[in-house]
Amino acid sequence: QVHLQESGGGSVQTGGSLRLSCAFSGDTRNNYCMGWFRQVPGKKREGVAGLRTGSGETYYIDSVRGRFTISRDIVTNDLYLEMNNLTPNDTAMYYCAASQSAGCAVLDAPSRTLVNKYTYWGQGTQVTVSS
């Protein structure tokens with residue numbers, strides 16, 4: 001029902017910027033939870049930023065707040081992640097994800113972390129930041 005495909009990853013120096021894109025194929029009339037995640041070899045997948053369509057709420061982990069911005073195209077539902085002032089700690093495979101809004105959540109209230117259970121996932125795009 002929904003297909004996601006990331007692009008825009010690459011290699012940059014510390015302090016550089018990248019804009020990741022997530023092409024959305026599906027019914028844009030529905031509402032969704034959507035988010036960006038990243039994973040480093042040997043570590044668990046980490047939620048980076050998320051939003052719920054149909055509302056203005058966005059969420060970020062502390063380590064990226066003020067540097068990264070999540071946004072979407074309100075017509076196509078394509079998802080974006082603008083990343084600025086990158087550091088080597090941002091090096092990871094980045095994935096976009098989506099779930100239909102009924103029963104979904106972006107923020108886990110008890111832990112105040114981003115929910116990482118989504119129905120649809122992209123294939124990932126690599127971001128490498130060198131020092």
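**Close-up views of a predicted model**

**View 1. Strand E3 and its partners.** In E3, serine 21 is the bridge partner of serine 7. This is a predicted model, in which local features need pLDDT of at least 70, side-chain atom pairs count only at pLDDT 80 or more, and totals for chains, interfaces and linings use all residues. Residues are numbered from 1 along each chain as its sequence is written, and side-chain values use heavy atoms, with hydrogens and water left out. Strands (E, at least two residues) are DSSP runs numbered from the N terminus, and two of them pair if DSSP finds at least two bridges between them. E3 runs antiparallel to strand E1 (residues 3–7), joined by 5 bridges. E3 and E8 are also antiparallel, with 5 bridges, and here serine 21 stands opposite tyrosine 80.

**View 2. The two faces of E3.** Leu18, Leu20, Cys22 and Phe24 point to one face and are buried (under 20% relative accessible area, 1.4 Å probe, protein chains only).

View 3. Arginine 29 sits in the loop between E3 (18–25) and strand E4 (32–39). Is arginine 29 buried or exposed? With a relative accessible area of 73%, arginine 29 is exposed (over 50%). Its C-alpha atom is separated by 9.5 Å from that of asparagine 77, 48 residues apart along the chain.

**View 4. The largest nonpolar core.** A nonpolar core is a set of buried Ala, Val, Leu, Ile, Met, Phe, Trp, Tyr and Cys residues joined through side-chain atoms within 4.5 Å. The largest has 30 residues, and Leu81, Met83 and Tyr94 touch the most other members. Elements giving two or more residues to this core include E3, E4 and strand E8 (79–83). Leaving aside neighbours within four places in sequence, methionine 83 is in contact (heavy atoms within 4.5 Å) with residues including Leu18, Leu20, Phe68 and Val127.

**View 5. The lining of the largest pocket.** A pocket is an open set of points on a 1 Å grid over the protein atoms alone, where a 1.4 Å probe fits, with protein on both sides within 12 Å along at least five of seven lines; lining residues have an atom within 4 Å of a point. Of the 14 lining residues, Tyr60, Ile61, Arg112, Thr113 and Leu114 lie nearest the centre of the largest pocket. Strand E6 gives the most to this lining, with 3 residues.

Notes
Helices (H or I, at least four residues) and strands (E, at least two) are DSSP runs, numbered from the N terminus.
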